[in-house]
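Trainee: Hi! Could you walk me through this structure?
Mentor: Happy to, let's look at it together.

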Amino acid sequence: MSAKRDYYEVLGVSKSSSPDEIKKQYRKLALKFHPDRNKSSEAAEHFKEISEAYAVLSDPSKRQVYDQHGHAGVDGRYSSEDIFQGARGNFSDIFGSGGGGFESIFESIFGGRGGGFARQRGSDILYETSVTLEDVLNGKNMDITLQKQVQCDTCDGTGCKPGTQKKICNACNGQGQVKQTRNMGFASFVTAAPCSSCSGQGHVIETPCTICKGQGKKNGTKKVTFGIPPGIDSGDYTVPGEGNEVPDGENGDLIVRIRVQPHSNFKRDGKDIFYDQDVSMVDATLGCKLVVPTLEGSEKIKVDAGSQPNTIIKLKGKGVPYINSRGRGDQYVRIVVNIPKNINKHQKKLLEEFQNEDN
């Protein structure tokens, strides 16, 4: 096993470098060796190396231990999990949240969520709406106003009174958890539990924001715009990140529950629609031309002479679209032959003559 390189050497900074200088240099290297950007076989290892160096040097207490004792002091005091856990906020400042954020990057490289801490997630919000069959054809843009938990705009989500900041928890030294070692005969057992002093956050708020009471969030409203794509069906659909908000965490999702309303003229079956067209017995026998409605207006159809009840005429491409794809279904026109219940004597005589001739 090769010896670890000096953390300052890894990042290309000096021991006198300020936190902002270290942060700036790490960001530069992280963008260079980010696995999504750099496809070389060594990129992941370089990214891991510089991230470990930054996790230590961006944490004042860990940096102090490293300056005094080097790798031996850090490795002897902190596990790999501990090294990354306390640096959560520092990484979040650089990568932000969402795709490509701290958690997703380190989950893929280190096999865990950035050192083992559980990121808070806001709850989902359910919103129910209905759409017409015409909306299914064309799609629809929706603007709604949600009552939800939003980031406190007074403290920008920090939970701290403006002009103040969070302090590293002295009880857990910013780790968010405390470990206890119990000797059981010849064996030692180490247990870890969330720090009770900071509720596992790794920091404490000494002067909380008067508006949100230190929560970093409050009840509010937010206008949300989303599109319902053509071809949609009844069901639940997700608008990511538009649920209840959590500062320094992951927002919940907006779950849109859609119900497609029944149509007065058409019935839908997947991407196809069906329409019943009444035709008189005479028209079905002699044939005729008709105009039938579609979702986009009207179409002419030809009823052939001698058409039987339930004859189907297809209007190609007059159904609804395939969702998130090209192409459309068809419209099927079913011929419903109306048999008169009441006829006069003359009509009855003509039918009898027709029947006799046919025989």
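Mentor: One definition to begin with: rings of Phe, Tyr and Trp (its six-membered ring) pair if their centres lie within 6.5 Å. Keep in mind that this is a predicted model.

Trainee: Okay, so how many aromatic pairs does the structure hold?
Mentor: There are 5 aromatic pairs in it.

Trainee: Where do Y8 and Y66 lie?
Mentor: Y8 is in helix α1 (residues 7–11) and Y66 is in helix α4 (residues 60–77). The pair therefore ties together parts that are 58 residues apart in sequence.

Trainee: Are those two buried or exposed?
Mentor: Y8 and Y66 are both buried. Ring pairs also link Y7, Y8 and Y66 into a cluster.

Trainee: What about F266 and Y275, how do their rings sit?
Mentor: Their ring centres are 5.8 Å apart and their planes are at 50 degrees, so this pair is tilted. F266 has a relative accessible area of 5%, so it is buried. Y275 counts as buried too, because its relative accessibility is 14% and the cut-off for buried is under 20%.

Trainee: New topic! How many residues does helix α2 have?
Mentor: Helix α2 (residues 19–33) has 15 residues. From its first C-alpha to its last it reaches 21 Å, close to the 21 Å expected at 1.5 Å a residue.

Trainee: Which residues of α2 are buried?
Mentor: I22, Y26, L29, A30 and F33 are buried there. They cover an arc of only 105 degrees around the axis, which means they are on the same side of α2.

Trainee: And what does the face turned away from that buried side carry?
Mentor: That face of α2 has the exposed residues D20, K24, K28 and K32.

Trainee: Now the strands. In what order do they sit in the open sheet?
Mentor: The sheet has 3 strands in the order β1-β9-β8, and the pairing is mixed. β1 (125–131) and β8 (235–239) are at the edges with a single partner strand each, so one side of each has no neighbour in the sheet. On average, neighbouring strands of this sheet are turned by 30 degrees against each other, direction ignored.

Trainee: In which sense do β1 and β9 pair?
Mentor: β1 pairs with β9 (residues 254–260) in the parallel sense, over 7 bridges.

Trainee: Which residue does E128 stand opposite?
Mentor: E128 stands opposite R257 in β9.

Conventions. Residues are numbered from 1 along each chain as its sequence is written. This is a predicted model: local features need pLDDT of at least 70, side-chain atom pairs count only at pLDDT 80 or more; totals for chains, interfaces and linings use all residues. Side-chain values use heavy atoms; hydrogens and water are left out. Two strands pair if DSSP finds at least two bridges between them. Helices (H or I, at least four residues) and strands (E, at least two) are DSSP runs, numbered from the N terminus. Axes are lines fitted to C-alpha atoms, for helices over the stretch in contact, and angles run from 0 to 180 degrees between N-to-C directions. The expected span of a helix is 1.5 Å times one less than its number of residues. Buried means under 20% relative accessible area, exposed over 50%, partly exposed in between (1.4 Å probe, protein chains only). The arc is that of the directions from the helix axis to the C-beta atoms. Rings of Phe, Tyr and Trp (its six-membered ring) pair if their centres lie within 6.5 Å; planes under 30 degrees apart count as stacked, over 60 as edge-to-face and the rest as tilted.
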